[in-house]
Amino acid sequence: MILCRVVDNYGDIGFVYRLARSLSLLEPSLKLALVVSNMESFASMAPGIDSSKPRQEYCGWTVLDWNDAAVCTRYCKGRTPQFVLECFQCGRPDWLEKLLFEDNKDGSLGVVTVINVEYLTAEAWADDFHLLKGGTRSRFVKKWNFMPGFSPRTGGLVLDQTFLNSLANHKNAIEQLAPFLPGVDLSDDSFKVVFFSYTKNCTGVVRALEQFGKIRPVRVFVAPGLGREPFMSVLPEVTSCSYALLPQLPQTAWDALLTLSDFNFVRGEDSFSRAALCGVPFVWDAYRQDGEFQMVKADAFVQRLKQFSSECRITIGRLFALYNRCYEVVPGEEADTVLDQYRDFPRNGDDAQKEIEELLHMIFCKYDLFRTYFAEFADRLIANGDLGAHLLEFMGKLSTGS
């Protein structure tokens, strides 16, 4: 059973959907149940999901609405899960708590293992937290922690076959995406950019694209979501770039687009991992947190780029930092970053936007150099192995007690 409480409309369920596909392909005999708190978000990326149904069969899985206790309880009668994957510390619904800790007081339903599949982070603690045993209030419920990550000491990233096929073969990627972008030539030599973000000031990004568009044809694909309106609102009346407003894409088509792009602006958990694996330069908009803790997340990722030249790593680090402070501060909610090095850092003003423009333009103009470094980084991530395979291996060891 895989649990998903949707916080970010795309990142949480996007990861769970990808993980389920990967596990099923690796081990077809698995009987998976996906318990999802927001069926509308799931339906937006998984064609065929009916958001009005509290229980349905999809891709060989049983998909359950987290919020429908009666339906979920009936499903679990006589089929207590051996493993529960609790994604992103999402907690457990009340009906599952009752099953695990009240209905199973005497162990008559067997031992259940809960695996907390954590958020993706580049922070160093992920290496030590991976496969760390946790505690529960019952000897019949065991708990372990499993960390996605960027190093061989973590579980790695999901290397699902559909994504890898698009990454390896642009013709395959174009075939995946073409039905959703009729009339768009995806094989032309334009500099392709994907823009997907939370709400933020996009002035510096747009200016950099417009400036580069005078040097080379630029085509920008603007994803739906919180960042679209701020992005479109700062476009000039006369533009040097071509802009396309994307429809809501199925996950496989979204993956294909990221692999075809030359530069990606992404947000959230799932698109962050895909961008890192694509091997092209990108900027990640981390989910904003109290105390600007997103700066810790962004800075930790930059520290993983150890193979980059000093100049390139400094450039990317400065860009990540500026981009992740590029939001409107509500009056009376003046933010204070937890990292000392950013306390006097420009945030969201003209100076910050000007520097974002300059940094992006530098990366665009030295593109081949930056792409080489990002490609090498992606190769190392792929060499770490597949999170799905590592997870199945770990569950196998738990099952056999080895």
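Q: Why is Lys-366 called partly exposed?
A: Its relative accessibility is 38%. Buried means under 20% relative accessible area, exposed means over 50%, and partly exposed is in between (1.4 Å probe, protein chains only), so Lys-366 counts as partly exposed at 38%. Keep in mind that this is a predicted model, where local features need pLDDT of at least 70 and side-chain atom pairs count only at pLDDT 80 or more, while totals for chains, interfaces and linings use all residues. Residues are numbered from 1 along each chain as its sequence is written, and side-chain values use heavy atoms, with hydrogens and water left out.

Q: How do you know whether Arg-219 is buried or exposed?
A: Check its relative accessible area: 17%. That falls under the 20% cut-off, so Arg-219 is buried.

Q: And what about its salt-bridge partner, Asp-188?
A: Asp-188 comes out at 22%, so it's partly exposed. The two side chains meet at 2.9 Å, N to O.

Q: What is Gly-91 in contact with, leaving aside its neighbours within four places in sequence?
A: Leu-3, Trp-66 and Glu-86. Contact means heavy atoms within 4.5 Å.

Note on methods
A salt bridge is a side-chain nitrogen of Lys or Arg within 4 Å of a carboxyl oxygen of Asp or Glu.
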